[in-house]
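Please find below a colleague's note on the structure shown here. The points are numbered so that each may be taken up separately.

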Amino acid sequence: MSDEPWGPSADGLDQPYWDGLLDGKLRLQRCGACAQWIWGPQWMCGTCHTFDPLWEDVEPVGTVYSWSRSWYPFITELAHRTPYITVLVELPGAGNRRVLGILLGDEMQNVRIGDAVSGEFVRDEGSTWPLLRWRRANVGAAV
């Protein structure tokens, strides 16, 4: 077992999400019966109550729905990375479901609700699992 605070849950429910990150893909659940997008992972669709929702690839692009600049490292991984910006990203390709992540780039950048962002799959040295990070679409690629 890893010291990382992230990775698949013990019950395996979110394993396809993590396997997708390893493959460089964002995967979210979608109900095969009613087509409702589901996030976070669930055993059944909350809309039609069908069990075993499917996992589908979603383009990792969206808009900033909300954001916060943190000066406290809530997990060990962030101890040397303060401040950092957490964004809640709305995904139009997944029925506007929202996912959380860290924003790459200048930690003092001026983030705005509605900013276009795209996802990058980042695996820190020594990490078992990659993470989905976000970058503002209108900002250069330098971190």
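What covers the buried residues of α1? The points below begin with that helix and then turn to charged pairs and the surface.

1. Basis of the note. The model is predicted: local features need pLDDT of at least 70, side-chain atom pairs count only at pLDDT 80 or more, and totals for chains, interfaces and linings use all residues. Residues are numbered from 1 along each chain as its sequence is written, and side-chain values use heavy atoms, with hydrogens and water left out.

2. Helix α1 and its cover. Helix α1 spans residues 15–22, and its buried residues are Tyr 17, Trp 18, Gly 20 and Leu 21. These buried residues fall within an arc of 155 degrees when α1 is viewed down its axis, so they line one face of the helix. The cover over them includes β1 (26–30), β3, β7 (116–122) and β8 (131–136). Just after α1, Gly 24 has a positive phi of about 75 degrees. Helices (H or I, at least four residues) and strands (E, at least two) are DSSP runs, numbered from the N terminus. Buried means under 20% relative accessible area, exposed over 50%, and partly exposed in between (1.4 Å probe, protein chains only). The arc is that of the directions from the helix axis to the C-beta atoms.

3. Arg 27. This residue belongs to strand β1 and is buried, at a relative accessible area of 17%. Apart from neighbours within four places in sequence, Arg 27 has contacts (heavy atoms within 4.5 Å) with Pro 16, Tyr 17, Asp 19, Gly 20, Trp 39, Trp 55, Glu 56 and Asp 57. With the side chain of Asp 57, the Arg 27 side chain makes a polar contact of 2.8 Å. A polar contact is a pair of N or O atoms within 3.5 Å; within protein, one must be able to donate a hydrogen and the other to accept it, and residues adjacent in sequence count only if both atoms are side-chain atoms.

4. Salt bridges. The whole structure holds eight salt bridges, each being a side-chain nitrogen of Lys or Arg within 4 Å of a carboxyl oxygen of Asp or Glu. Arg 27 pairs with Asp 23, with the closest N and O atoms 3.6 Å apart. A network of salt bridges links Asp 23, Lys 25, Arg 27 and Asp 57. Elsewhere, Glu 90 pairs with Arg 98 at 3.1 Å between the closest N and O atoms; Glu 90 is buried at 17% relative accessibility, whereas Arg 98 is partly exposed at 35%.

5. Arg 136 and Asp 115. What joins these two side chains is a salt bridge of 3.1 Å, N to O. Arg 136 lies in strand β8 and Asp 115 in the loop between β6 (97–103) and β7, so the pair ties together parts that are 21 residues apart in sequence. Arg 136 is buried at 10% relative accessibility, and Asp 115 is buried at 12%.

6. Arg 112. The loop between β6 and β7 also holds Arg 112, which is exposed, with a relative accessible area of 54%. Not counting residues up to four places away in sequence, Arg 112 touches Val 64 and Trp 67.

7. Phe 51. The loop between β2 (37–38) and β3 (54–58) contains Phe 51, which is exposed at a relative accessible area of 57%.
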